[in-house]
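Student: I am new to this structure and would like to understand the words used for it. Could we go through them together?

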Amino acid sequence: MKFEIVTIFPEFFRGPLDFGIVRRAREAGLVEVSVHDLRQFAHDRHRTVDDRPFGGGEGMVLKPEPIFECMEALHIAPRDVRLNGRVRESVVLLSAQGKRFAQNVAASLAELDRIVLLCGRYEGVDERVAEFLADRELSIGDYVLSGGELGAAVIVDTVSRLIPGAVGNADSTRQESFTAAGAPVSGEGPSSTCGSGGLLDYPHYTRPANYRGMEVPQPLASGNHEEIRRWRRRTALLKTYRNRPDLLQSAPLSEEDRELLAEIEAKHF
């Protein structure tokens, strides 16, 4: 997987890309990240990449010329070729107006060979970039950042850890919050270990079993795989109901899930 990041602040990425899974994936040759300074594609003496918006208004807007020229220098495939799936490439514009970035989007991006991340700044980016150059526009949340650099770092991290070999235990990425139900977990682990099925993950505990009077829930120490599985599913449903009830609207719930939810509503809410 190759990431190309286009930004006016290339120094920003000296930190986020040098730690954890992204660093290990880069060192293992699974991921390659190149950062491109957008100002190198501006030709006036001040390396100007922004201008006032047509129609008036506050702030400045990133100009189209440097961005288009940068894409041409990177030899990215034409937009129609990318949209038709004839190449495994994507140009992503980071923008507050974009589709919300989610785990399923990360999974689809992880299947590509090359991703270009365009970091917006100032009041925004000339709309012609979104309309004629980028093939998708993404936002990492319903809030406004100073620029797309933080979003680009989030996407690199989220996608990198889904690339085979990036995470030591591949089953870890199948059992996390937001991950849709898929292939069963491999190996010889207990059947009590269950995926989130699109919900939030269940709570995790480790040793010591008793810390300052705070004890690990009894089912987890019981050794009964079915009891552990049921406890984990119930607590995952409880945490989702309490923190992200919207996820329950689209998650594939089993009859057991609905029974557990009924118990949760009666006891806690």
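Tutor: Gladly; we will take some terms in turn and set each against its definition.

Tutor: This is a predicted model, in which local features need pLDDT of at least 70, side-chain atom pairs count only at pLDDT 80 or more, and totals for chains, interfaces and linings use all residues. Residues are numbered from 1 along each chain as its sequence is written, and side-chain values use heavy atoms, with hydrogens and water left out.

Student: What makes something count among the helices and strands of the protein chain?

Tutor: Both are DSSP runs, numbered from the N terminus: helices are H or I with at least four residues, and strands are E with at least two. On that basis the protein chain has eight helices and ten strands.

Student: Why is R82 called buried?

Tutor: Buried means under 20% relative accessible area, exposed over 50%, and partly exposed in between, with a 1.4 Å probe and protein chains only. R82 has a relative accessible area of 6%, so R82 is buried. You will find R82 in helix α3 (residues 79–83). Of the 269 residues of the protein chain, 43% count as buried.

Student: Which residues does R82 touch, leaving out those up to four places away in sequence?

Tutor: Contact means heavy atoms within 4.5 Å. By that test R82 touches I76, A77, V87, E89, S90, V91, L133, A134 and D135.

Student: What about β5 and β8?

Tutor: Five bridges join β5 to strand β8 (residues 136–139), again running parallel. In β8, V92 has R136 as its bridge partner.

Student: Why is the unit of β5, helix α4 and β6 called right-handed?

Tutor: A crossover is right-handed if, with the strands pointing away from the viewer, the path from the first strand over the helix to the second runs clockwise. β5, helix α4 (residues 103–109) and β6 make a right-handed β-α-β unit.

Methods: Two strands pair if DSSP finds at least two bridges between them.
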